[in-house]
Amino acid sequence: MVYGKRQSGGVSPPDGGWGWVIVGCCFMVTVCTRAVTRCISIFFVEFQAHFGADYSATAWIHSLVDCTTMICAPVGSLVSNRWSCRVAVMLGGLLSSCGLLLSSFITSMKLLYFSLGVLTGLGFALCYTPAIAMVGCYFRQRKALAYGIALSGSGIGTFVLAPLVQLLIEVYSWRGALLVLSAFVSNLCVCGALLRPITLQEDEEEPTGEARHPNLAKDSENSLLTSSKSPSLPLLLATPAPHLKRRWCFTSCFPSSKEYSFLLLPDFLGLAVSFLFLAAGCSLPFVYLVPYALSTGVTHQSAAFLMSILGVLDIVGNITFGWLTDHRCLKPYRLACYIFSVGMEGLCCLFTPLLRSFPLLVPFAVLYGYFDGAYVALIPVVTSDVVGATYLSSALGVVYFLHGIPYLISPPIGGWLVDITGSYTATFYLSGAALLASALILCTNAGIRRCHHQLTSGAKDTKHTPLPLSLPNQSDCIEETVGQAVGFASEETNWIYQH
């Protein structure tokens with residue numbers, strides 16, 4: 001059995017116990033994937049000096065890592081759904097470690113695109129989505145807090161790894177630093193081994209969009225619940241019956257259409273469009289903060305320290321927003337909190353070109369890091385609120401897939417803007433505009449939904465139901481009822497006399 005399986009005789013999400021081990025494993029997965037990806041920007045200056053590349057060509061490395069991680073996220077969901085989360089994470093750890101190991105011996109930029117960009121990114125993709133979805137299966141009441149702690153690994157890892165990677169580069173060169181990172185990332189295999197599966201009860205919370213898409217719950221029941229009456233294989237069955245093994249081995253490699261029926265939800269469609277703009281803007285500051293700081297005269301160590309500050313506040317944003325949105329007063333407003341954090345990130349980016357010294361860049365790192373941690377912790381929570389726990393793994397695969405294309409093209413576009421303008425102003429303006437557009441799309445979607453709800457409620461209130469019977473029919477009904485009562489009384493009297 002694998003996570004997400006819903007079957008009678010299962011258990012409710014424990015909201016603790018081994019769930020905290022799952023949170024710890026997901027924490028380490030985010031350290032080894034997202035934090036390492038962020039620290040790749042520290043290698044940019046070294047890559048440019050060694051290979052003689054410009055900003056745009058060097059930015060493709062970071063883009064390929066992020067893009068491959070996100071575009072291949074559905075592959076991670078497929079592997080974890082068909083076999084197990086353990087298989088997905090351990091396989092991903094092996095691939096990503098091999099990618100970093102090969103990168104330390106690369107002699108050309110094109111080969112670095114493959115080893116560090118594609119191979120390492122594919123390994124990260126197999127680890128990231130399954131580990132995050134696993135947390136949602138172990139927690140319900142404290143889901144936001146659990147995700148906040150688990151995803152804070154990205155910030156903590158950035159805080160620790162950024163100066164450490166810079167030190168490794170100075171001591172062992174960039175090749176030695178990649179070799180050490182390869183050994184560190186191999187710990188993903190250990191994390192995968194600790195991901196214990198769980199069988200959930202059928203009374204999982206349903207998606208919030210069920211009223212707008214009534215067939216979703218029915219599809220969920222037909223495709224996700226194990227039924228003894230159905231000869232077909234359930235979606236998340238881990239150990240097939242002997243007579244179905246051959247059929248399972250063939251069909252398990254292909255996703256079911258019902259597995260993605262949540263795509264018809266209007267709320268998810270609005271969320272998906274906003275994610276496209278979010279991904280286009282959020283990656284640029286992580287790629288260009290260090291080069292921008294260096295261009296203003298900040299030292300290498302101070303520029304790396306800015307990434308550490310960003311990472312610390314990322315941690316605070318993860319945990320505090322996760323803790324706050326689990327309270328009753330804010331639980332209904334999780335989406336509003338998410339929109340607010342994304343909007344604040346956009347405003348921070350718009351003011352970045354005015355900050356041209358280390359003391360001025362510190363507040364940017366503080367604010368951007370905090371709100372980045374806030375919205376990152378709420379992405380799986382908001383997605384779960386829309387599609388429900390049943391479809392969370394597949395939905396997260398789609399969500400992170402939508403991040404892939406913007407992650408691929410936005411850093412090279414930012415580098416191209418730097419090359420033609422000679423400054424980072426246009427790059428940070430692009431980032432801020434994309435983030436504000438993402439927040440605006442969700443605000444518009446929420447406003448449309450509220451207006452539709454009010455119109456629907458008003459129509460129901462003003463609707464008058466006519467009387468079911470006219471006056472002559474009511475008289476006939478009364479006469480018929482009286483006749484039946486008299487007949488029943490006569491039968492009772494005859495029965496008494498006979499006995």
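1. Confidence. The protein chain has an average pLDDT of 76, and 76% of its residues score at least 70; pLDDT is the predictor's confidence in each residue, from 0 to 100. This is a predicted model, in which local features need pLDDT of at least 70 and side-chain atom pairs count only at pLDDT 80 or more, whereas totals for chains, interfaces and linings use all residues. Residues are numbered from 1 along each chain as its sequence is written, and side-chain values use heavy atoms, with hydrogens and water left out.

2. Regions to read with care. Where pLDDT is low, the predicted coordinates should not be read in detail.

3. Overall make-up. The secondary structure of the protein chain consists of 18 helices and one strand. Helices (H or I, at least four residues) and strands (E, at least two) are DSSP runs, numbered from the N terminus. Of the 499 residues in the protein chain, 53% are buried; buried means under 20% relative accessible area, exposed over 50%, and partly exposed in between, with a 1.4 Å probe and protein chains only. Among contacts between residues at least 6 apart in sequence, 85% join residues at least 24 apart.

4. Helices H14 and H15. Helix H14 (residues 334–351) packs against helix H15 (residues 358–387) at an angle of about 150°, and their axes are 8 Å apart. This makes H14 roughly antiparallel to H15, a term for angles over 145 degrees, while those under 35 count as roughly parallel, 65 to 115 as roughly perpendicular and the rest as oblique. Axes are lines fitted to C-alpha atoms, for helices over the stretch in contact, and angles run from 0 to 180 degrees between N-to-C directions. The crossing of H14 and H15 is left-handed: the near helix is turned anticlockwise from the far one by less than a right angle, and clockwise would be right-handed.

5. Residues between H14 and H15. Those of H14 that meet H15 include Tyr-338, Phe-340 and Met-344, and the H15 residues include Phe-364, Phe-371 and Leu-378. The contact of H14 with H15 has 18 nonpolar, one polar and four charged residues. Here Ala, Val, Leu, Ile, Met, Phe, Trp, Tyr, Cys and Pro count as nonpolar, Asp, Glu, Lys and Arg as charged, and the others, Gly among them, as polar.

6. Helices H13 and H15. Helix H13 (residues 300–324) packs with H15 at an angle of about 35°, with the axes 6 Å apart. The crossing of H13 and H15 is right-handed. Their contact comprises 18 nonpolar, six polar and two charged residues.

7. Tyr-292. This residue lies in helix H12 (residues 266–295). Tyr-292 counts as buried because its relative accessibility is 2%. Beyond residues up to four places away in sequence, Tyr-292 touches Thr-352, Pro-353, Leu-355, Arg-356, Leu-361, Tyr-424 and Phe-428.

8. Pro-406. Helix H16 (residues 392–421) contains Pro-406, which is buried at a relative accessible area of 7%. Pro-406 and Ala-280 are 126 residues apart in sequence, yet their C-alpha atoms are 4.6 Å apart in space. Ala-280 is also among the residues that Pro-406 touches, as are Leu-276 and Ala-279.

9. Helix H7. Eight of the nine residues of helix H7 (residues 143–151) are buried, so H7 is largely enclosed by the rest of the structure. Lys-143, Tyr-147 and Gly-148 are among these buried residues.

Methods: Contact means heavy atoms within 4.5 Å.
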